Amino acid sequence: MKSFWKSVGAVFVGLILFGVIKMMFSMIFFISFIASFSMKDTPVSLTDNSIYQLDLKGTVVDYVSEEDLSELFSMNSKFSSMNSKVSISDIRRNLRIAANNDKVKALYLRCEDFIASPSSIEEIRSLIFEFKKSNKPVIAYADNYTQGTIWISSLADRVYMNPQGMVSLVGISMQSMFFPKALKKLGVEIQVFKVGTFKSAVEPYILEKMSDANRLQMSVLSDGIWDHIVSDIATDRHLVVDSVLSFANNGYAFAESEMAVSYGLIDSLVYEQDMDSIFRNMIDSKPKFVSHSKMCKVESSESTSGNKVAVLYAMGEIDGGTTEGIESEKIVKLLNELAENDKVKAVVLRVNSPGGSAFGSEQMWYAAKRLKMKKPLIVSMGDYAASGGYYMSCCADTILADATTLTGSIGIFGVIPCFAETFDKIGVSFDGVKTSEYADLGSLYRPFTDSEKAIFQRYINRGYDTFVSHVAEGRKLADDSVRTIAEGRVWLGKDALTRGLVDCIGTLDDAVVIAAEKAHLTDNYSVAEYPKKKDFSETLLELLNESEEDKALRILMNKYTGTCYWAPTMVEQFRRVTSLSGMQAYSPYRVIL
């Protein structure tokens with residue numbers, strides 16, 4: 001018996017020691033992990049014969065306000081790179097440093113898997129175009145070019161590709177999913193209330209194919225974007241438009257790689273291992289490649305003047321319940337703070353949103369209007385500033401958009417799901433009392449009555465009238481004029497210009513220049529970006545506190561969003577139909593290249 005208790009005691013002590021050792025190793029790992037990131041902000045100094053290597057991979061966004069930890073928490077490097085975010089703000093900063101620093105001899109565009117909308121690509125192209133004014137060479141290479149990366153790379157002085165590669169120049173396809181049959185099997189009835197013939201966000205829930213109005217709208221959008229891409233490539237590569245169209249229409253993307261050379265899209269076929277010697281011959285010395293992440297650590301010489309032009313980024317769906325969209329309360333707070341900040345002389349509101357909550361859009365519109373009374377307010381539209389995104393923008397002094405920005409979509413809708421049949425299928429019933437006829441209006445366990453439908457439609461109509469009146473006031477148009485271009489129709493930026501919805505075609509940089517001019521600032525001013533960037537510890541804490549549901553949904557979104565030419569995905573559609581409440585000012589389109 002004594003021997004037995006000795007053995008038990010030994011096992012117990014061993015377990016304790018094992019736990020202590022495991023905890024110590026965990027602490028050492030965590031301390032090392034933190035220490036490795038404490039070195040992230042160490043400045044990098046450029047050396048002679050540097051080549052700025054801009055890896056075009058991952059998902060493009062306007063601005064990243066937090067550390068990117070994706071590579072640290074994914075064992076799959078391919079998954080990490082595809083889901084990492086590339087900030088146009090960082091590209092802008094780095095290209096300016098590279099253009100003005102004599103130690104940087106060239107720009108190397110290394111193209112990989114790159115997810116970007118046409119407007120984002122236009123912004124990047126404009127930045128490369130500015131870099132080329134430094135007379136430093138721009139060289140592009142890819143194993144395979146996507147439509148987006150060949151569009152960007154057409155600006156390069158030399159375009160190289162792997163001998164086994166392909167140029168995926170095939171055209172634009174815009175598709176929609178439709179769910180009525182699936183919803184019927186689930187016993188779900190979707191009750192739709194809307195204003196706007198072209199307000200197509202509700203179609204997937206009630207139709208089995210797109211309406212004629214929506215088909216017209218999508219055709220105009222896709223043709224307009226495609227024409228713009230083809231025209232740019234032809235101009236940049238000194239080709240005729242018909243030649244570029246011939247390559248795409250004949251399916252030569254899937255032909256031998258020499259075909260891309262013969263059509264003038266590619267200059268030479270080389271293996272990536274040979275790029276080092278190409279750069280060596282170009283600069284007559286051994287090249288020293290500086291990655292995008294390292295270039296971000298090179299100190300900038302840009303002005304830090306007390307006079308500031310603030311750039312406030314508003315990105316994503318409005319009040320959609322996700323961590324990566326626009327929270328109207330936060331944007332309202334920032335707009336109010338910038339209005340009261342005496343150092344901020346003008347504000348550029350960078351809008352990149354398909355819309356969302358009409359209520360949230362109204363609050364941001366009012367905050368923007370209040371700010372405009374104190375200082376210049378310029379709106380710069382990104383990939384899309386549609387529906388609620390346009391709602392919050394329409395009061396600005398000046399509105400700029402890219403030629404391929406998706407904007408407009410002036411319309412309102414409401415979606416109320418009814419699960420009466422679903423509950424009946426599973427044997428659930430409801431009963432209760434109410435004090436007045438409409439006390440249970442909007443209940444999910446029964447369909448609307450005719451009188452309730454009339455009440456809710458009037459509510460939607462009132463929201464639409466308010467939206468139209470804001471646009472008419474902000475754009476100095478007659479109410480009737482706005483209604484002729486409204487009806488929920490989405491416009492490309494270049495078409496919105498001719499209809500008075502925007503003032504000019506231009507980039508974010510153009511918007512900053514206009515803001516400074518309106519504030520009567522000289523060249524001695526600085527640009528401050530908002531929201532302020534979170535440090536590593538804040539980002540890590542948010543990630544650790546993320547709910548399991550949000551993690552799962554984020555992984556699904558990262559996996560499926562952007563793999564086709566259309567959005568949103570099935571997961572997003574089902575998520576929206578279960579979360580919508582109140583009036584929505586939302587446009588479903590986003591083109592991915």
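The protein chain exposes about 28,400 Å² of surface, and carbon and sulfur atoms supply 55% of it; such accessible areas come from the Shrake-Rupley method with a 1.4 Å probe, and for residues only the protein chains shown count as cover. This is a predicted model, in which local features need pLDDT of at least 70 and side-chain atom pairs count only at pLDDT 80 or more, while totals for chains, interfaces and linings use all residues. Residues are numbered from 1 along each chain as its sequence is written, and side-chain values use heavy atoms, with hydrogens and water left out.

Let us stay with the whole chain for a moment. Of its 593 residues, 50% count as buried. Buried means under 20% relative accessible area, exposed means over 50%, and partly exposed lies in between (1.4 Å probe, protein chains only). The chain has 23 helices and 19 strands; these are DSSP runs numbered from the N terminus, helices being H or I with at least four residues and strands being E with at least two. Among contacts between residues at least 6 apart in sequence, 78% join residues at least 24 apart, where contact means heavy atoms within 4.5 Å.

Now look at a pair of helices. Helix α3 (residues 88-100) packs with helix α4 (residues 118-131) at an angle of about 10°, their axes 9 Å apart. That angle makes α3 roughly parallel to α4. Axes here are lines fitted to C-alpha atoms, for helices over the stretch in contact, and angles run from 0 to 180 degrees between N-to-C directions. Angles under 35 degrees count as roughly parallel, over 145 as roughly antiparallel, 65 to 115 as roughly perpendicular, and the rest as oblique. On the α3 side you can find I88, I91, R92, L95, A98 and A99, which meet S120, E123, I124, L127, I128 and F131 of α4. The residues of this contact of α3 with α4 divide into nine nonpolar, one polar and two charged. For these classes, Ala, Val, Leu, Ile, Met, Phe, Trp, Tyr, Cys and Pro count as nonpolar, Asp, Glu, Lys and Arg as charged, and the others, Gly among them, as polar.

The axes of helix α13 (residues 328-340) and helix α14 (residues 358-372) come within 9 Å and cross at roughly 5°. This makes α13 roughly parallel to α14. From α13, the contact draws on S328, I331, V332, L335, N336, L338 and A339, and from α14 on G360, Q363, M364, A367, A368, R370 and L371. By class, the contact of α13 with α14 has nine nonpolar, four polar and one charged residues.

β12 is mostly covered, with 10 of its 10 residues buried. Strand β10 (residues 344-353) pairs with β12 in the parallel sense over six bridges; two strands pair if DSSP finds at least two bridges between them. Here R350 stands opposite S380 in β12. Three bridges also join β12 to strand β14 (residues 406-408), and these two run parallel; Y384 stands opposite L406 in β14.

β13 and strand β17 (residues 504-505) pair in the parallel sense over two bridges, with A401 opposite I505 in β17.

S387, in the loop between β12 and α15 (388-391), has a positive phi of about 55° although it is not a glycine. S387 counts as buried because its relative accessibility is 0%. H520, in the loop between α20 (508-518) and β18, also has a positive phi, near 60°, in a residue other than glycine. At 72% relative accessibility, H520 counts as exposed. Further along, the peptide bond from Y530 to P531 is cis, with omega near 0°, and P531 is found in the loop between β18 (526-530) and α21 (536-544). Finally, I412 lies in strand β15 (residues 412-418) and, at 0% relative accessibility, counts as buried. The C-alpha atoms of I412 and F467 are separated by 8.3 Å, although these residues are 55 apart along the chain.
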